[in-house]
Amino acid sequence: MPNPVTRRGRKNRANAAAQPDANPPVWPGVVGGRFKPLSDDEVALVENATLDLLETLGLSQATEAMIDKVTAAGGRVTDDKRLLFPRKLVRETIANARRDFTLCGQTPEHDLRIEGARVHMSTGGAAPGVFDLDTGVYRDSSLQDLYDAARITDRMENIHHFSRSVVARDLPDNAAMDINTAYACLMGTSKHVSISITEPANVADVAALCYRIAGGEAAFRARPFLTVMVCHVVPPMRFAEEACDVLDAAILAGFPVQLISAGQAGATSPATIAGSLAQAVAETLAGLVFARLVDPEVRAIFAPKPLVADLRTGSMSGGGGEQAILMAGAAQMGRHWNLPTSSIAGITDAKTLDAQYGSEKALAVTMAAHAGANLITQAAGMMSSLLGVSHAAYVADNDMLGNILRTVRGIEATPENVAADVIAGVCRGEGHYLGQQHTFERMKADYFYPNVGDRRAPGDWEADGAHPVGDAAGDRAKEILTSHFPAHIDDDTDRALRARFDIRLSRKQIGRAS
């Protein structure tokens, strides 16, 4: 016979969940950093190895601007044209780098405070493909897909930041792709946006677009709402010359920058986890040295993002435990120096929203979050080893990220939370906690409730069609795409942008009158 308290609890929970004030709480910036996969001795070993690599091996293919700045600060160029970074310079860079700054939204409620071990969740990737919401078939990604991804992210409370997730393969050249990528992302969400810029010559136009949206260059520099992601190296230990020029131009234009090294273990970085980590950290620190020589006040994010390969085939394999622990280690190195840090996590190898997808993504994102990465990219939407994006997955992942953030928030054992007085009162009274004011208050403050995750009894779920979570997520994504057209950028500004730039999304596509 069912327990009457249990039955009453189910009814009360259902009624409470239906109330408007019982929506899931949002915890952007919850503090992580308790998980430390490296021991203190291992951290010291990685640190010393990176400093040795920078001082004695250095990096090849440095640009003239980089050579001039680094040698003026004490570096030197070897006979085989490798740029060396002395220990003293690297340590001074780490010591003096900006640690606390805001990644601004276009609207202040989406500002992200980057400090300490505060954790924020992000999309990311440069996928060439999309899993079509209607057909379920993998196809080439388009500018519309990018705008749609931004719109869905705009409605997901546990995805705090939008990083460009797909490549607009329907655009003819890099200049058109760069300006339209920035436009689609910024029009699709008022959250902070990150994009890549392919060529140095295109930085000025992207900057002009941002200045116009902000209301002027000074306004954007005061509250920059777009970060430029730069893979400034071509591992192993080589600079990407054109990307370094992009980095230089982006910093001077007032953009925050994310400094990315993304070698692949066993191919462009050592096969060992520790070796891959040490190389990526060294390459990223080299970029940080240059960035601060361009502008000592640069908002720079330390982003060593080494990837893992399946060494049986050589193909990238982002869903394994090796990738998860590697990203947690990279986050720990960032926390060791207290640098603003981004980790890549959630790049599952699964091709659809199945058990493999959920287990691989949750493992990697959880570890990076608990290790204290400030910005976890690829945490939502990405699948198929970075080759594909699913719009439905953004919705499903929003639930996953809410649950992960709840674990990072922790138990919070305080005298009030231990609630000994409540326990005593219940034991002397009704014998259960269902009617307690304490329960009502804390159910809203302490618990995360999924939006599409199903917690009904099996019979209720079966009676409603027995739909898997992917179906519910897909339905929600379609609902958003048919109804949500953000209007934080007004019509006059949009028309001014179209008058100056070759904008490929039509007014109709962004939900505006022609």
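Two strands are taken as paired if DSSP finds at least two bridges between them. Strands (E, at least two residues) and helices (H or I, at least four) are DSSP runs, numbered from the N terminus. The model is a predicted one: local features need pLDDT of at least 70, side-chain atom pairs count only at pLDDT 80 or more, and totals for chains, interfaces and linings use all residues. Residues are numbered from 1 along each chain as its sequence is written, and side-chain values use heavy atoms, with hydrogens and water left out.

An open sheet is formed by five strands in the order β10-β11-β12-β13-β15. Their pairing is parallel. β10 (162-163) and β15 are the edge strands, each pairing on one side only. Helix α6 (residues 174-188) packs on this sheet and touches β10, β11 and β12. Contact here means heavy atoms within 4.5 Å. The direction of α6 makes about 165° with that of β11. Axes are lines fitted to C-alpha atoms, for helices over the stretch in contact, and angles run from 0 to 180 degrees between N-to-C directions.

Strand β11 (residues 193-195) is joined to β12 by three bridges in the parallel sense. Within this pairing, I195 has V228 of β12 as its bridge partner. Strand β12 (residues 226-230) also pairs with β13, again parallel and over three bridges. M229 stands opposite Q258 of β13. β12, helix α9 (residues 241-252) and β13 build a right-handed β-α-β unit. Right-handed means that, with the strands pointing away from the viewer, the path from the first strand over the helix to the second runs clockwise.

β13 (residues 257-261) is mostly covered, with five of its five residues buried. Buried denotes under 20% relative accessible area (1.4 Å probe, protein chains only). Both faces are covered: V257, L259 and S261 lie on one side, Q258 and I260 on the other. β13 runs parallel to strand β15 (residues 300-304), and five bridges join the two. I260 stands opposite A303 of β15.

A helix pair was also examined. Helix α2 (residues 40-57) packs against helix α11 (residues 321-337) at an angle of about 85°, with axes 11 Å apart. α2 is therefore roughly perpendicular to α11, a term covering angles of 65 to 115 degrees. V43, V46, E47 and T50 of α2 meet Q332, M333, H336 and W337 of α11. The residues of this contact divide into four nonpolar, three polar and one charged. Ala, Val, Leu, Ile, Met, Phe, Trp, Tyr, Cys and Pro count as nonpolar, Asp, Glu, Lys and Arg as charged, and the others, Gly among them, as polar.

Notes. Buried < 20%, exposed > 50% of the residue type's maximum accessible area, 1.4 Å probe, protein only. Parallel < 35°, antiparallel > 145°, perpendicular 65-115°, else oblique.
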